[in-house]
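Dear colleague,

I am passing on the structure we spoke about, with the sequence alongside. Please open both before reading the notes that follow.

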Amino acid sequence: MGCRRGELPVLGAVLALALLVGPRVLAQRADIELVPALSGGDGPGPVTYSGYQVLRVQVTGTDTAELLRSYENNPGAHFWSESAVQEGPVDVMVSPDVGRRLKEELTRSGASYTVNIEDVQEAIKRENPSDLLQPRLQVRQSLQQGHPLTWRKYHRLADHHQYLDFVALRYGDLCETFSIGTSTEGRDIRGVKCGRGKREIWIDGGIHAREWISPAVVSYLIREFSERSTTSNDILSNFTLYIIPVLNPDGYEYSHTHDRMWRKTRSKNADSTCIGVDANRNFDISWGKSGTSQEPCAVTYGGPHPFSEPETRAIRDFVLAHKDKLEMFITLHSYSELLFVPYAFTIQKPDDYDEVRAVAERGVAALRAASGREFSIPRTTPYNQLSGVSDDWAKAVAGVRFTYTFELRDKGAHGFLLPAEQIEPSGREIAAAIKAMIRALPAPQRQSGDVAEHREAAAPAAGKRAAGRRFY
Ligand SMILES: [Zn+2]
């Protein structure tokens with residue numbers, strides 16, 4: 001989680017960082033600051049996480065909760081899940097030194113923890129087999145099938161975009177590419193639309209850079225609705241699906257070239273050397289209140305104001321232009337195997353909550369039938385509220401009735417570093433879920449789209465987090 005709102009000012013944080021940490025972390029921070037836009041690897045070498053571990057701490061009382069909270073501003077502790085929980089597991093990635101100290105303190109206080117990942121750098125190496133095929137074989141396979149995607153490793157942005165072109169070319173009677181705009185560093189935010197129906201659906205991935213399973217599964221869905229369209233003819237004749245695999249292309253590329261754990265966009269922040277905004281806290285819905293930070297160095301920094309990022313403005317403009325036809329908005333994140341229904345920003349439910357949840361339940365049932373895995377549908381509580389997230393905005397402001405956030409595999413054994421061999425099974429189960437959800441949609445009916453104001457008044461202030469929260 002990094003820094004929290006109202007704590008150390010930026011300069012103080014940087015000084016504290018210089019005093020607290022060893023040369024490795026300083027090198028990381030320098031790397032983040034000095035890498036020029038679109039350097040593509042020209043800058044300092046990538047961040048290494050050798051010796052870093054991911055601990056899962058079981059929080060059972062205030063003592064453990066307070067102990068964890070004391071690490072929130074420690075640059076050697078990177079929270080992979082919400083840090084301020086009252087009860088339940090918290091995942092935290094720790095540098096070797098900080099890990100030693102935290103483990104000692106946990107043991108002394110009687111708290112229990114497990115080591116989920118023994119060595120993060122080793123897990124990064126194992127996650128994505130780059131030597132899957134010899135380069136020459138890769139080129140041959142790419143030429144034969146017409147695109148470079150394999151669904152057996154995590155691919156770079158260019159490969160995802162080539163696949164969109166392939167689909168549009170090969171299945172031109174059904175699909176065409178589209179763009180919603182460009183990123184801070186000038187990359188195209190591209191997708192493919194498939195189907196012939198008047199009713200519209202939005203599916204996106206990759207708004208959080210490090211959640212690599214998300215773009216991989218979205219490209220799997222594109223294959224499902226193009227190359228394998230015979231399994232969803234009923235859907236494609238009634239609907240047009242707008243599918244974007246990588247909403248945050250700058251962050252995604254940066255997570256490949258420089259820092260595997262990068263989450264935010266790559267925009268420059270005024271008055272701070274820290275880069276980027278959490279795009280999924282940047283939407284204009286209860287902005288800046290819960291589960292977000294006003295500190296530019298924090299991983300959940302919501303930005304200087306709503307829609308400060310070109311990426312979120314592009315989503316806003318597209319969704320508003322299509323708001324009379326869009327019936328469903330689905331966004332894919334990882335990890336924790338959950339399916340969220342609105343709202344995240346308030347514990348108050350939308351008027352049509354039962355209908356929206358019923359569609360989610362059909363998805364979860366289809367997913368269970370496909371793979372046996374159990375995704376749950378958590379409730380929003382005063383402790384897990386989130387402000388400024390895309391699906392809430394799409395429903396409360398744009399008036400899209402059925403809006404959902406998936407948290408894909410896994411439940412924490414690998415976390416963000418899900419081995420690539422899980423792309424296909426994950427794609428299969430999510431395709432089954434989403435098809436079932438689309439088929440469960442009732443006949444079109446608009447909601448007013450003006451609920452944001454009175455809902456917002458009911459939202460309690462930010463609080464501690466409880467179980468059922470997102471692991472982002
Ligand atoms: Zn996420």
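Which residues does Thr64 touch, leaving aside those up to four places away in sequence? In this predicted model, Thr64 touches Val57, Gln58 and Val59, and also Leu106 and Ala111. Thr64 belongs to helix 3, which covers residues 62-69, and its relative accessible area is 6%, so it counts as buried, the cut-off being under 20%.

The next point concerns the largest pocket, whose volume is about 430 Å³. Its lining is made up of 22 residues, and Ile124, Asn128, Trp212, Ser255 and His256 are the ones that lie nearest its centre. Because domain 1 (10-127) and domain 2 (135-458) both give residues to this lining, the largest pocket lies between them. Helix 5 (120-127) and helix 10 (249-257) each contribute at least two residues to the lining, which by class comprises seven nonpolar, nine polar and six charged residues.

Finally, helix 12 (residues 353-371) has 19 residues and spans 27 Å from its first C-alpha to its last, close to the 27 Å expected at 1.5 Å a residue. Its buried residues include Tyr353, Val356, Arg357 and Leu367, and the buried residues of helix 12 pack against strand 9 (326-334), strand 10 (338-340) and strand 11 (402-408), as well as against helix 13 (390-396) and helix 14 (423-439). After helix 12 comes Gly372, which has a positive phi, near 85°.

With best wishes

Notes. Residues numbered from 1 in each chain as written. Predicted model: local features only at pLDDT ≥ 70, side-chain atom pairs only at ≥ 80, totals over all residues. Heavy atoms only, no water. Helix = DSSP H or I, 4+ residues; strand = E, 2+ residues; numbered from the N terminus. Buried < 20%, exposed > 50% of the residue type's maximum accessible area, 1.4 Å probe, protein only. Contact = heavy atoms within 4.5 Å. 1 Å grid on protein atoms, 1.4 Å probe; cavity = no way out; pocket = protein on both sides within 12 Å on 5 of 7 lines; lining within 4 Å. Points joined across faces, edges and corners; volume = space filled by probe spheres on them. Nonpolar A, V, L, I, M, F, W, Y, C, P; charged D, E, K, R; others polar. Domains from an automatic or database assignment. Expected span 1.5 Å × (residues − 1).
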